[in-house]
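User: I am new to this structure and would like a close look at one part, its salt bridges. Could you walk me through them?

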Amino acid sequence: MRIGAQELMEARRDAAFLQPIAFLQDYRVLDLAGSGLENGRAVHIVEGVVRHNGKRDRIYFDQETNLPVRLDLWEGGPEGEREPGEYLLARFELGEYHKVDGIMLPHFIRRVRPNSSI
């Protein structure tokens, strides 16, 4: 069984959480979409148009630390019985940042999809 281009992009994107420069190459356009609150903290919201499927993902950055705290990403991988080309919105919650070799890394990542949470 071969995986499709969408699933390959998602696997690479999941692996790139710890390498933001690799993560950002998946977007054609990145724009500041505004600001808001996430878990009581002020955030900047950046919206990106995904190169592969044209969907709009959102990345929420803590205004105090400038670290990402939430990502809303459209995924087309194999959750349940989806048809090819069908997408669902997954939310990634990032937290408990600690410095590792001089780099701030999240030590808590929760992925929430309509039918699962890990």
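Analyst: A salt bridge here is a side-chain nitrogen of Lys or Arg within 4 Å of a carboxyl oxygen of Asp or Glu. By this rule there are ten salt bridges. The model is predicted, so local features need pLDDT of at least 70 and side-chain atom pairs count only at pLDDT 80 or more, while totals for chains, interfaces and linings use all residues. Residues are numbered from 1 along each chain as its sequence is written, and side-chain values use heavy atoms, leaving out hydrogens and water.

Let us begin with glutamate 38 and arginine 70, whose side chains form a salt bridge at 2.9 Å, N to O. This pair connects distant parts of the chain: glutamate 38 belongs to strand E1 (residues 27-38) and arginine 70 to strand E4 (residues 68-75), 32 residues apart. Strands (E, at least two residues) are DSSP runs, numbered from the N terminus. Glutamate 38 is buried, because its relative accessible area is 13%; buried means under 20%, exposed over 50%, and partly exposed in between (1.4 Å probe, protein chains only). Glu38 and Arg70 also join Asp72 in a network of salt bridges.

Next comes glutamate 75, which meets arginine 113 in a salt bridge of 2.5 Å, N to O. Here too distant parts of the chain are linked, with glutamate 75 in strand E4 and arginine 113 in strand E6 (residues 103-113), 38 residues apart. Both glutamate 75 and arginine 113 are buried.

Finally, arginine 56 and glutamate 47 form a salt bridge at 3.0 Å, N to O. Arginine 56 is partly exposed at 43%, whereas glutamate 47 is buried at 17%.

Technical notes. Helices (H or I, at least four residues) and strands (E, at least two) are DSSP runs, numbered from the N terminus.
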